[in-house]
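Me: I've got a model open and I'd like to learn how to read it feature by feature. Can you walk me through it?

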Amino acid sequence: MRFLLPVGLIATTLAIAPVRFDGDKVLRVKLQDEKQANIIKDLAKTSQLDFWYPDATHHVAANMTVDFQISAKESQFVESALDQNQMHYEILIHDVQEEVEKQFDVKEDNPGRHSYAKYNNWNKIVAWTEKMVHKNPKMVSRIKIGTTVEDNPLYVLKIAGKDKRRKAIFMDCGIHAREWISPAFCQWFVYQATKTYGKNKIMTKLLDRMNFYVLPVFNVDGYIWSWTQNRMWRKNRSRNQNSKCIGTDLNRNFNVSWNSFPNTNDPCQEIYRGPAPESEKETKAVSDFIRSHLKSIKAYITFHSYSQMLLFPYGYTSELPPNHKNLAKVAKIATDVLSTPYETHYTYGSIASTIYPTSGSSLDWAYNLGIKHTFAFELRDKGRFGFLLPESQIKPTCKETMLALKFIVKYILKHTS
């Protein structure tokens with residue numbers, strides 16, 4: 001897929017041609033034992049495996065299903081190594097570039113209007129934030145909470161009904177650049193909230209009694225890069241001292257057990273934690289904003305993809321938080337509700353036990369700060385498309401997620417003081 005870049009942008013990116021993924025494959029390997037897990041780890045040392053699930057080599061363990069992208073050049077070598085060791089694998093994606101192009105499978109209804117059924121680039125999202133304020137001046141306000149390392153604005157939309165002083169929920173999307181379905185959901189949420197206020201009983205009640213702070217794109221620079229240069233980009237775009245590798249994983253940069261995993265200290269890793277907690281302008285801006293509104297914020301909800309999970313703390317330890325029974329109960333009902341329209345099956349549980357251990361995550365940080373209802377959605381799908389979910393799945397994904405979110409918010413409204 002070729003992207004046309006504005007002249008100024010071409011100059012700043014030194015006219016780098018966008019990365020193409022012709023012939024790249026995504027393989028899924030079901031690991032039977034420790035020996036097979038070690039074979040994958042060894043392959044990762046000799047070949048460029050881009051891990052989709054889990055997100056890094058050191059999480060690979062026995063009895064785990066592992067998804068990774070492999071270049072056309074190396075796929076034959078990797079596949080024959082798997083065959084020789086009698087390891088069961090399937091090819092989820094035969095040509096990554098083809099899937100990148102096939103993502104855009106929804107036709108533009110009205111080119112002049114913002115589409116909630118399509119993926120929108122950063123410029124469209126910025127214009128949309130202005131439009132939402134302009135259309136709903138009494139309900140929606142735009143707050144600039146900071147800027148990125150490339151000096152792009154970080155915008156939070158505040159959505160409120162009548163009473164402005166009350167409980168609040170903070171939501172963010174797009175902390176990892178390539179997870180495009182996530183910002184699509186934040187846009188959908190704001191649109192539905194404003195459109196159905198006064199018409200839908202539940203939404204009206206929620207907005208009359210709670211404020212919502214919505215950060216539609218957390219990792220703006222990375223998101224732009226994923227549109228213009230490399231669809232598979234994950235991190236932000238900060239430069240790292242003494243390394244040619246760019247970017248920090250913003251979801252490893254929060255000040256919570258930041259230093260607990262030595263594997264996150266390599267700037268060339270996808271899960272690089274950064275040189276210090278809150279070293280990144282994006283993380284710092286979000287942390288400062290949440291700290292300054294801590295009295296009112298009763299829940300923190302973050303949206304990722306993929307794997308269809310609803311997660312709660314902790315990620316850095318297998319210990320469960322004091323109110324884990326409560327969180328599990330909410331997650332169970334929310335995932336049940338989510339499955340009603342399309343029978344989409346979600347699993348739920350603590351990060352460490354349900355997905356894999358993580359350090360420096362926004363979820364654990366918000367919980368330890370005192371926000372006792374914190375959840376992370378891992379949206380569709382379970383790996384058939386992974387990060388390349390087609391646009392035709394945006395609406396169903398958003399509709400089912402909205403049902404789960406409404407349940408969580410109703411619960412918080414009732415059970416927090």
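**Reading the model, piece by piece**

Reply: Let's start in a loop: Lys-382 sits between strand S12 and helix H13 (394-415). Keep in mind that this is a predicted model.

Me: Is Lys-382 buried, partly exposed or exposed, and which residues is Lys-382 in contact with?

Reply: Compare its relative accessible area with the cut-offs: buried is under 20%, exposed is over 50%. Lys-382 comes out at 40%, so it is partly exposed. Leaving aside neighbours within four places in sequence, Lys-382 is in contact with Arg-28, Asp-67, Tyr-306, Ser-307, Gln-308 and His-345. Take Gln-308: it is 74 residues from Lys-382 along the chain, yet their C-alpha atoms are separated by 6.2 Å.

Me: What about a loop residue such as Asn-230, buried or exposed?

Reply: Asn-230 belongs to the loop between helix H8 (220-228) and helix H9. With a relative accessible area of 15%, Asn-230 falls under the 20% cut-off and is therefore buried. Its contacts beyond four places in sequence are Val-19, Phe-21 and Trp-225.

Me: On to sheets. In what order do the eight strands of the open sheet come?

Reply: The general idea goes like this. Strands of a sheet pair through backbone hydrogen bonds, either parallel or antiparallel. Here the eight strands run S5-S6-S8-S7-S9-S12-S10-S11, with mixed pairing. Strand S5 (140-147) and strand S11 (347-350) are at the edges with a single partner strand each, so one side of each has no neighbour in the sheet. From one strand to the next, the twist averages 20°.

Me: In what sense do S9 and S12 pair, parallel or antiparallel?

Reply: S9 and S12 are parallel, and seven bridges connect them. To find one on screen, pick Ala-299: its bridge partner in S12 is His-373.

Me: And what is the order of the four strands in the other open sheet?

Reply: That one reads S2-S3-S1-S4, and its pairing is antiparallel. Neighbouring strands are turned by 30° against each other on average, direction ignored. Strand S1 (residues 25-30) runs antiparallel to S4, and four bridges join the two.

Me: Now a helix. How many of the eight residues of helix H12 are buried?

Reply: An α-helix has 3.6 residues a turn, so residues three or four places apart point the same way. As for H12 (residues 362-369), six of its eight residues are buried, so the rest of the structure largely encloses this helix. The buried ones are Ser-362, Leu-363, Asp-364, Trp-365, Ala-366 and Tyr-367. They pack against several elements, including helix H9 (281-292), helix H10 (324-338), strand S9 (297-305) and strand S12 (373-379). After H12 comes Gly-370, with a positive phi near 120°.

Me: How many cavities of 30 Å³ or more does a search of the whole structure find?

Reply: Rolling a probe the size of a water molecule over the atoms shows where empty space is left. In this model the search finds two such cavities. The largest cavity holds about 290 Å³. Its lining has 25 residues, and nearest its centre are Asn-251, His-304, Ile-355, Tyr-356 and Glu-378. Strand S2 (50-53), S9, H12 and S12 each give two or more residues to that lining. By type, the lining splits into eleven nonpolar, eight polar and six charged residues.

Me: Which residues lie closest to the centre of the largest pocket?

Reply: The largest pocket has about 630 Å³ of space. Of the 25 residues lining it, Gln-48, Leu-49, Asp-50, Phe-51 and Glu-270 are closest to the centre. Helix H2 (34-46), S2 and S3 are the elements giving two or more residues to this lining. H2 gives the most, with three residues. The pocket lining divides into ten nonpolar, seven polar and eight charged residues.

Definitions and conventions
Residues are numbered from 1 along each chain as its sequence is written. This is a predicted model: local features need pLDDT of at least 70, side-chain atom pairs count only at pLDDT 80 or more; totals for chains, interfaces and linings use all residues. Side-chain values use heavy atoms; hydrogens and water are left out. Buried means under 20% relative accessible area, exposed over 50%, partly exposed in between (1.4 Å probe, protein chains only). Contact means heavy atoms within 4.5 Å. On a 1 Å grid over the protein atoms alone, a cavity is a set of points where a 1.4 Å probe fits but cannot get out, and a pocket is an open set with protein on both sides within 12 Å along at least five of seven lines; lining residues have an atom within 4 Å of a point. Grid points are joined across faces, edges and corners, and a volume is the space filled by probe spheres set on the points. Ala, Val, Leu, Ile, Met, Phe, Trp, Tyr, Cys and Pro count as nonpolar, Asp, Glu, Lys and Arg as charged, and the others, Gly among them, as polar. Two strands pair if DSSP finds at least two bridges between them. Axes are lines fitted to C-alpha atoms, for helices over the stretch in contact, and angles run from 0 to 180 degrees between N-to-C directions.
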